[in-house]
Number of protein chains: 2
Amino acid sequence: MSIQHTVVFRLIAEEGSQAERDFLETARETLTAIPGVMEFTVKRQVSPKSGMGWQFSMAFADQDVYEGYNTHPAHVGFVATHWEPEVAAFQEYDFVTA
Amino acid sequence: MSIQHTVVFRLIAEEGSQAERDFLETARETLTAIPGVMEFTVKRQVSPKSGMGWQFSMAFADQDVYEGYNTHPAHVGFVATHWEPEVAAFQEYDFVTA
């Protein structure tokens with residue numbers, strides 16, 4: 001069963017800044033190049049009921065592919081080099097068809 | 001611009017219970033009958049990094065249609081009669097294409 005992996009997050013960088021654009025572009029380039037990543041999307045979170053500003057969403061064919069992504073050096077490197085220093089807050093959710 | 005309205009939530013009812021099935025079925029029947037609700041989905045939230053168990057997602061053509069949904073008597077009634085007494089925790093997020 002395929003899994004939709006999502007994360008909503010708020011950047012330290014100001015909205016509309018070059019740092020924001022750089023982060024989103026680096027994320028897209030890095031994460032979509034990892035084997036098994038499907039349907040990668042970047043969306044703005046616009047509900048005033050949440051303080052998060054962005055969402056990444058991607059799909060994996062199954063749990064094994066998802067674990068391969070999590071442990072892939074490109075993902076681990078992105079987390080250490082960009083995610084941890086540049087993200088102020090985040091929450092992950094993974095969805096499967098009921 | 002279309003808006004994806006989502007809510008992740010945890011029910012008071014036990015997983016696999018009849019009360020859980022009833023809640024999900026009532027929600028689907030009630031909410032999908034409201035004008036302007038598109039692409040309604042019910043998914044399980046399976047990440048151990050969140051305590052939420054379910055997600056509803058739907059799309060609206062624009063903000064006016066979304067507001068019409070929020071104030072529609074069927075939505076208001078569902079919130080009062082089912083959502084408030086049966087949902088233990090929830091978080092809304094709305095997404096638009098970046």
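**Notes on the predicted two-chain model**

1. Ser47(B) sits in the loop between strand E2 (38-45) and strand E3 (54-60) of chain B. The model is predicted. Is Ser47(B) buried or exposed? Its relative accessible area is 4%. Buried means under 20%, so Ser47(B) is buried. Which residues does Ser47(B) touch, leaving out those up to four places away in sequence? They are Tyr93(A) and Asp94(A). Both partners carry the chain letter A, while Ser47 here is in chain B.

2. Helix H3 (residues 73-86) of chain A has 14 residues. At 1.5 Å a residue, H3(A) should span 20 Å. Its end C-alpha atoms are 19 Å apart, which agrees. H3(A) also has a kink of about 40 degrees. The kink is centred on Val79(A). Please look at the end-to-end span and the kink together.

3. Which residues of H3(A) are buried? They are His75(A), Phe78(A) and Trp83(A). These buried residues pack against three strands of chain A, namely E1 (3-11), E3 (54-60) and E4 (87-97). They also pack against helix H1 (18-32) and helix H2 (63-71) of chain A. On spacing, a general point applies: an α-helix has 3.6 residues a turn, so residues three or four places apart point the same way.

4. Next, the pairing of H1 and H3 in chain A. The axes of H1(A) and H3(A) come within 10 Å. They cross at roughly 165 degrees. That makes H1(A) roughly antiparallel to H3(A), because angles over 145 degrees count that way. The crossing is left-handed. From H1(A), the meeting residues are Ala19(A), Phe23(A), Thr26(A), Ala27(A), Thr30(A) and Leu31(A). From H3(A), they are Ala74(A), His75(A), Phe78(A), His82(A), Trp83(A) and Glu86(A). The buried residues His75(A), Phe78(A) and Trp83(A) are among those that meet H1(A).

5. Chain B has its own H1 and H3 pairing. Helix H1 (residues 18-32) of chain B packs with helix H3 (residues 73-86) of chain B at an angle of about 165 degrees. Their axes are 10 Å apart. H1(B) and H3(B) are therefore roughly antiparallel to each other. Their crossing is left-handed. H1(B) contributes Ala19(B), Phe23(B), Thr26(B), Ala27(B), Thr30(B) and Leu31(B) to the contact. H3(B) contributes Ala74(B), His75(B), Phe78(B), His82(B), Trp83(B) and Glu86(B).

6. H3(B) also packs with H2(B). At what angle do H2(B) and H3(B) pack? The angle is about 50 degrees, with the axes 5 Å apart. That makes H2(B) oblique to H3(B). The contact residues of H2(B) are Tyr69(B), Asn70(B) and Thr71(B). Those of H3(B) are Pro73(B), His75(B) and Val76(B).

7. Is Thr71(B) buried or exposed? At 60% relative accessibility, Thr71(B) counts as exposed, because the cut-off is over 50%. Its C-alpha atom and that of Val8(B) are separated by 20 Å. Along the chain, Thr71(B) and Val8(B) are 63 residues apart.

8. The C-alpha atoms of Gln63(B) and Lys49(B) are separated by 31 Å. These two residues are 14 places apart along the chain.

9. Check the backbone at Glu39 in each chain. Phi of Glu39(A) is near 55 degrees, a positive value in a residue other than glycine. Phi of Glu39(B) is likewise near 55 degrees. Most residues other than glycine have a negative phi. Glu39(A) lies in strand E2 (residues 38-45) of chain A. Glu39(B) lies in strand E2 of chain B. Glu39(A) is exposed, with a relative accessible area of 63%. Glu39(B) is exposed, also with 63%.

10. Last, Ala89(A), placed in strand E4 of chain A. Which residues does Ala89(A) contact, leaving aside neighbours within four places in sequence? They are Val8(A), Phe9(A), Arg10(A) and Met52(A). The C-alpha atoms of Ala89(A) and Gly53(A) are separated by 9.8 Å. Along the chain, Ala89(A) and Gly53(A) are 36 residues apart.

Methods:
Residues are numbered from 1 along each chain as its sequence is written. Chains are lettered from A and ligands numbered from 1 in the order in which they are written. This is a predicted model: local features need pLDDT of at least 70, side-chain atom pairs count only at pLDDT 80 or more; totals for chains, interfaces and linings use all residues. Side-chain values use heavy atoms; hydrogens and water are left out. Helices (H or I, at least four residues) and strands (E, at least two) are DSSP runs, numbered from the N terminus. The expected span of a helix is 1.5 Å times one less than its number of residues. The bend at a residue is the angle between axes fitted to the seven residues ending there and the seven starting there. Buried means under 20% relative accessible area, exposed over 50%, partly exposed in between (1.4 Å probe, protein chains only). Contact means heavy atoms within 4.5 Å. Axes are lines fitted to C-alpha atoms, for helices over the stretch in contact, and angles run from 0 to 180 degrees between N-to-C directions. Angles under 35 degrees count as roughly parallel, over 145 as roughly antiparallel, 65 to 115 as roughly perpendicular and the rest as oblique. A crossing is left-handed if the near helix is turned anticlockwise from the far one by less than a right angle, and right-handed if clockwise.
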